Amino acid sequence: MKVAFLGTGLMGLPMAQRLLAANIQLIVYNRTPEKLAPLQAAGAEIAAHPRHAIRAADCIILMLTNAGAIYSVLLSDTSWRTLAGRTVIQMGTITPSQSKEIRDSVVNAGGEYLEAPVLGSIPEATDGKLIVMVGAYREQYQRYLELLQHFGSQPVHVGAVGTASALKLALNQLIASLTTSFALSLGFVQRYGVDVDLFMQILRDSALYAPTFDKKLQRMLDGNYANPNFPTKHLLKDTDLFIDEAKSVGLNVSSIEGVREILQTAIKMSLAQADYSSLFSAINSDSNEEWETGSS
C-alpha cells in the first residue's frame, strides 16, 4: 500500500514520520512546502499538488486544519476527479455534519471514506500513543486497523461516520472547559495568598483532579506558553465547532460560550500561536477590563 499524507503541520509531521519509520511508501503534500523538508530527508516522495499525491496513492490520510482546507485540497475539481478507487482517512478535527458531507463527496467520486480523529498532542504523535477514534463500517475499520495502529496501539471503532467526529469534539470541549476552570481556581487561590503547592496537594487527593492540571501548571505559573503542543487558535476553532453542533442538537451551551469568550480574549492578547495554557493569562491579566472594553 502506498499512502498519501496531506497536511504535515504540528501533528501531521510526527504522524507521517511514523509511517516512514515503518517502511510504508509515502507521498506527502503540504500547502507550505518548507514543512516537507524533514520528510523528504527521511525518504518521502514530495507532491507539488494534491492531485499528484492522490493519483500516486492507494490511501489518502488527511491531517488538515479544518473542513475548508479539506475542500480546497481534496475536493477541488482536479483532486476530486482522482479519488475513484481510493480510500480517504480523515484524521483532523471537524464536525460530524462536515465529515458526512465530505464522505458523500468522496463516495460520489468513486472512493471510500473513514474518519479517524485522534486525541493527544505532539509527544503522543511522536511515540505512537495517540487515542484513535474511528467512524466507519466495521469492515473498513478492520481493513485499516493495522495502518491506524502506527498512530495508536488500540484504535477504537466508535460507530458510523460522524460518531468519531462527535466524540472528538466532546473531548476537546473538555480540554477547553477543564483548562479554563483550573486556571480560574489557580488564579483565585493566588489572589488570596493560598500556597499553590498546598492547593495542588489537596486537589490531587480529591475526586476533582485531572492529570491535565499538572501538565499545564508550570506553564501557567511561569507564563511560558512557547513551543505549543496545541495552540490557542486551534482550541478556539474546535470550541466554535462544538458550540455550533451542540446548538444544532438542542443543548444548552452557556458554559462553553463563556470559555469561548476567554479564548477570544487570549487571541486579542496576541496569544493565538501560544500554548492553550495561555488561557491563564487571559483570566488573570490585570488588563482584562481593558481588553473587554476594546472588544465591545
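The points go from the whole chain to single side-chain contacts.

1. Overall form. The model is predicted. The chain holds 15 helices and nine strands. Its radius of gyration is 20 Å, close to the 19 Å given by the globule rule for 296 residues, so the chain is as compact as a globular protein of that length. Along the principal axes, the C-alpha atoms fill a box of roughly 65 × 45 × 40 Å. Of the 296 residues, 51% count as buried.

2. An unreviewed UniProt entry places the feature "domain: 3-hydroxyisobutyrate dehydrogenase-like NAD-binding" at residues 162–280. In the model this span is 71% helix and 0% strand, and its end C-alpha atoms lie 33 Å apart.

3. Strands β8 and β9. Three bridges join β8 (residues 131–135) to β9 (residues 156–159), and the two strands pair in the parallel sense. Between them the chain passes through helix α8 (residues 138–148), giving a β-α-β crossover that is right-handed. Within this pairing, V134 has H157 of β9 as its bridge partner.

4. Aromatic pairs. Taking ring centres within 6.5 Å as the criterion, the count comes to five aromatic pairs. In one of them, Y209 and F213, the ring centres are 6.2 Å apart and the planes stand at 80°; the cut-off for edge-to-face is over 60 degrees, so this pair is edge-to-face. The two residues also belong to one aromatic cluster, formed by F182, F199, Y209 and F213.

5. Y209, at 27% relative accessibility, counts as partly exposed.

6. F230 and Y276. The ring centres of F230 and Y276 lie 5.8 Å apart with planes at 75°, so this pair is edge-to-face. It links distant parts of the chain, the two residues being 46 residues apart. F230 sits in the loop between α11 (211–222) and α12 (232–248), while Y276 sits in the loop between α13 (254–268) and α14 (279–284). Both F230 and Y276 are buried.

7. A charge over a ring. Which residue lies over the face of Y276? It is K216, at 4.3 Å from the ring centre.

Notes
Residues numbered from 1 in each chain as written. Predicted model: local features only at pLDDT ≥ 70, side-chain atom pairs only at ≥ 80, totals over all residues. Heavy atoms only, no water. UniProt positions renumbered as here; feature names shortened; annotations may be inferred. Helix = DSSP H or I, 4+ residues; strand = E, 2+ residues; numbered from the N terminus. Pairing = 2+ DSSP bridges. Right-handed = clockwise from strand over helix to strand, strands pointing away. Phe/Tyr/Trp six-rings, centres within 6.5 Å; stacked < 30°, edge-to-face > 60°. Buried < 20%, exposed > 50% of the residue type's maximum accessible area, 1.4 Å probe, protein only. Lys NZ or Arg CZ within 6 Å of the ring centre and 35° of its normal. Rg over C-alpha atoms; globule rule 2.2 N^0.38 Å.
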